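Visitor: I'd like to learn how to read a model like this one, feature by feature. Could you walk me through it?

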Amino acid sequence: MSRRPAVADPEPVLITTTEELVPLCERLRQEPFVTVDTEFMRERTYWPELCVVQLGGSQDTAVVDALAPGLDLSPLGALLADEHVVKVFHACRQDVEIFLLRFGQTPQPLFDTQIAAMVAGFGDQASYDSLARALANAQIDKAHRFSDWSARPLSAAQIAYAAADVTHLRRIYQALQSRLEREGRMEWVAEEMGALTDPAAYRTDPETVWEKLRPRTNNRRFLGTLRAIAAWREREAQRVNIPRQRLLRDESLLEVAATAPTDAGSLARARGVTEGFARGKSGASLLAAIEAVKALPEAELPEAPRERAGPSPSPALVALLKVLLAAKAEEHQVAPRLLASSEEIDRLASDAPADLPALQGWRRKVFGADALALRDGDLALGVEGRRVRLIRPRLEARAEAG
């Protein structure tokens, strides 16, 4: 039997002008799907600096120089918003955040091959490299993975590397889509994509970031100060566009909250705070935030984040639920982490609120319903042929009685 000749990928083209970008995006908007990737820098900034956008279509492979002088990216925004074209990414959260910041909305509809691969049985967080080998018979050259993408001009090697991120992605997407459609799992993937396109998932509320520091105290005045200066750090880092940890590290933030300095001299004595910072504009605004907390009445101060009410779950029951999780993941060839997290397993072993993700949609059918049955004594686990077997005592008892 003769094989069909392989179709060569389009040669990559560097796009540096709006006049080149407009017809490219018009052509791609006629496609059923387009593959997308970005190269950006974030090591020295709060906001990601978009440097390159890669786009792949059946007849086009383009590397868009997002830093090219005078380039208007609005045609790209229109393409990403076109609901008739599926936008295919791999591990897309940072890419989607960049486009949300740039265009004010997330790309829709969206397909993330990393999540799709988890649904299709390729394990937790399948890498682009591994999927390229398994599904596109391609080897990824990693030489330019840590390039400075803000430096210009882009080299021919950088352009080729960037283009590979969207050419192989086309074949990965087609292989995954075919497999998921054959197994009736496209609805599973659609549920996951819905969460990725929610703009709220990418927005940080400065007033709640203090909770991530997990303060170990019930002192409400300290917590109020911590809340205020953590919110100050978030907004200040955004304003001056530097990483929050570079502005003020977590350990310094906690010490400042504990000591509540009243002047630049005492602020400068806190660990990790320089004299220049303390006496500068940022130090002054930080001291003002601390001072404002002192005027707050007790009722307006936060309480420590509450631990989950009720007794701790039985370690033995948690262990059984983890065995069930592994068995279900093995049976359905899906990544265990996609079915339930460790925290969800603990919740299933105790209060199991109805809004738990493991009890919603396809997860409930695959795992959640049986997890509740196991917890409530309506399901047992056994071993048969070196595989875990699910035993339903009441159903089997009825069958024997009948």
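Visitor: Let's start with charge pairs: how many salt bridges does the structure hold?

Guide: Side chains of opposite charge can pair when their charged atoms come close. Here a salt bridge means a side-chain nitrogen of Lys or Arg within 4 Å of a carboxyl oxygen of Asp or Glu, and the structure holds 24 of them. Before we go on, a word on the ground rules: this is a predicted model, with local features needing pLDDT of at least 70 and side-chain atom pairs counting only at pLDDT 80 or more, while totals for chains, interfaces and linings use all residues. Residues are numbered from 1 along each chain as its sequence is written, and side-chain values use heavy atoms, with hydrogens and water left out.

Visitor: Which residue meets arginine 363 in a salt bridge, and are the partners buried or exposed?

Guide: Burial first: buried is under 20% relative accessible area, exposed is over 50%, and partly exposed lies in between (1.4 Å probe, protein chains only). Arginine 363 meets glutamate 192, N to O at 2.8 Å. Arginine 363 sits in helix H17 and glutamate 192 in helix H7 (residues 186-196), 171 residues apart, so the pair links distant parts of the chain. Helices here are DSSP runs (H or I, at least four residues), as are strands (E, at least two), numbered from the N terminus. Arginine 363 has 13% relative accessibility, so it counts as buried; glutamate 192, at 10%, counts as buried too.

Visitor: What about the pair arginine 389 and glutamate 384?

Guide: Their side chains meet at 3.9 Å, N to O. Arginine 389 is partly exposed at 34%, whereas glutamate 384 is exposed, with a relative accessible area of 52%. There's also a network of salt bridges linking Lys328, Glu331, Asp370 and Arg392.

Visitor: How many residues are in the largest nonpolar core?

Guide: In soluble globular proteins, nonpolar side chains tend to be buried together. A nonpolar core is a set of buried Ala, Val, Leu, Ile, Met, Phe, Trp, Tyr and Cys residues joined through side-chain atoms within 4.5 Å. The largest one has 79 residues, and Leu55, Leu348 and Phe367 have the most contacts inside it. Helix H17 (residues 361-375) gives the most to this core, seven residues in all. A second, separate core has 28 residues, including Tyr46, Ile229, Ala270 and Ala278.

Visitor: Which residues does leucine 55 contact?

Guide: Contact means heavy atoms within 4.5 Å. Setting aside neighbours within four places in sequence, leucine 55 touches, among others, Leu24, Leu28, Val36, Leu76 and Val166.

Visitor: And how do I check a helix, say H8: what should its 21 residues span?

Guide: Take 1.5 Å times one less than the number of residues. For H8 (residues 220-240) that gives 30 Å, and the end C-alpha atoms are 30 Å apart, which agrees. At its start, a side-chain oxygen of asparagine 219 comes within 3.0 Å of the backbone nitrogen of arginine 221. Just after H8, asparagine 241 takes a positive phi of about 60°.

Visitor: Where does UniProt list "domain: HRDC"?

Guide: The unreviewed UniProt entry lists residues 219-300 for it; such annotations may be inferred rather than shown by experiment. That stretch is 72% helix and 0% strand.

Visitor: How many helices and strands are in the whole protein?

Guide: There are 18 helices and eight strands. Buried residues make up 45% of the 402 residues, and the C-alpha trace spans about 80 × 70 × 35 Å along its principal axes.

Conventions:
A polar contact is a pair of N or O atoms within 3.5 Å; within protein, one must be able to donate a hydrogen and the other to accept it, and residues adjacent in sequence count only if both atoms are side-chain atoms.
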